[in-house]
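Let's take a friendly look at one protein model together. Keep the sequence and the 3D view open while you read.

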Amino acid sequence: MSERHTPPSTEPVLHAQDVDHEYGSVSVLEGVTLPIRADAVTALIGPNGSGKTTLLRVLSGLLEPTGGTVTDRGPDAARRIGYLPQQPAFRPGFTVRETLQFYGSLVGEGDGATLERLERVGLADAADRPVDALSGGMTRLVGIAQATIGDPPVVVLDEPASGLDPGMSTHVFEVATELAAAGTAIVLSSHDLELVERNAHEVAILDDGAIVDRGDPGDVCDRVGVDSLRDAYEESITGDTRTVRVQGVTT
């Protein structure tokens, strides 16, 4: 049974309204409206190819919507939005500590904060390891630490738990909820529906570039008439959930 979360009390710090996005003649997002609130974890779930990464990049300001608007209502900050891509990469030849110190210097952040961010993601013991000697999962953790540098009001994480073992995946979601509790708006995508159900304050289900349901995970389950977010997901998605849909064709 999905648990109920304490609803966030603040107005949206970021608001997507009727957002469309096209790559040439291919429509990837259609009429997406999504408020992103401070002190909350908002999770995007949906099949591969449903538009999650494109929506996260639009919210981050890395892509301009071809229709609709994204309004930033957050407080003034040296860094407006922190972003973790699906495959983070860092310049080789530098240690983890040096890498984060460089990004911190861009926003006037001291070295002490660098170590605090490494401790938060569980990488303090790897501070002096070269970034090119990290595993894929550890590289992702460095990316999460980098995304929080400068304490941006909004942090966007594209599949933050991908490639991590179950214990570290749980830890990553705990970090996300801790950041939200401190007032940061967290937007993430994930295929781990159990972790999303336990940690997200709001979930948006995407299918073929559109949001087909949105709300507290427990409320979404109630509307669909099921007991788990996984069941709600399977009921909400059209077509075969075992295939990837590309321009209306299954592969």
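Leaving aside its neighbours within four places in sequence, which residues is Thr184 in contact with? Once those neighbours are set aside, the partners of Thr184 are Ala38, Asp39, Ala40, Pro152, Pro153, Val155 and Leu179. Keep in mind that this is a predicted model. To find Thr184 in the view, look at the loop between helix H5 (166-181) and strand E7 (185-189). Is Thr184 buried or exposed? Its relative accessibility is 14%, and because the cut-off for buried is under 20%, Thr184 counts as buried.

Now turn to a pair of helices, H7 and H8. Their axes come within 9 Å and cross at roughly 55°, so the two helices are oblique to each other. The crossing of H7 and H8 is left-handed. The table shows who makes the contact.

| Helix | Residue range | Residues in the contact |
|---|---|---|
| H7 | residues 217-224 | Val220, Cys221 and Val224 |
| H8 | residues 229-236 | Leu229, Ala232, Glu235 and Ser236 |

Finally, zoom out to the whole chain. The protein chain is divided into domain 1, made of 1-75 + 153-241, and domain 2, which covers 91-152. Taken over C-alpha atoms, the centres of domain 1 and domain 2 are separated by 25 Å. How many residues of each domain are in contact with the other? On the domain 1 side there are 17 residues, and they are in contact with eleven residues of domain 2.

Note on methods:
Residues numbered from 1 in each chain as written. Predicted model: local features only at pLDDT ≥ 70, side-chain atom pairs only at ≥ 80, totals over all residues. Heavy atoms only, no water. Helix = DSSP H or I, 4+ residues; strand = E, 2+ residues; numbered from the N terminus. Buried < 20%, exposed > 50% of the residue type's maximum accessible area, 1.4 Å probe, protein only. Contact = heavy atoms within 4.5 Å. Axes fitted to C-alpha atoms, helices over the stretch in contact; angles between N-to-C directions. Parallel < 35°, antiparallel > 145°, perpendicular 65-115°, else oblique. Left-handed = near helix turned anticlockwise from the far one by under 90°. Domains from an automatic or database assignment.
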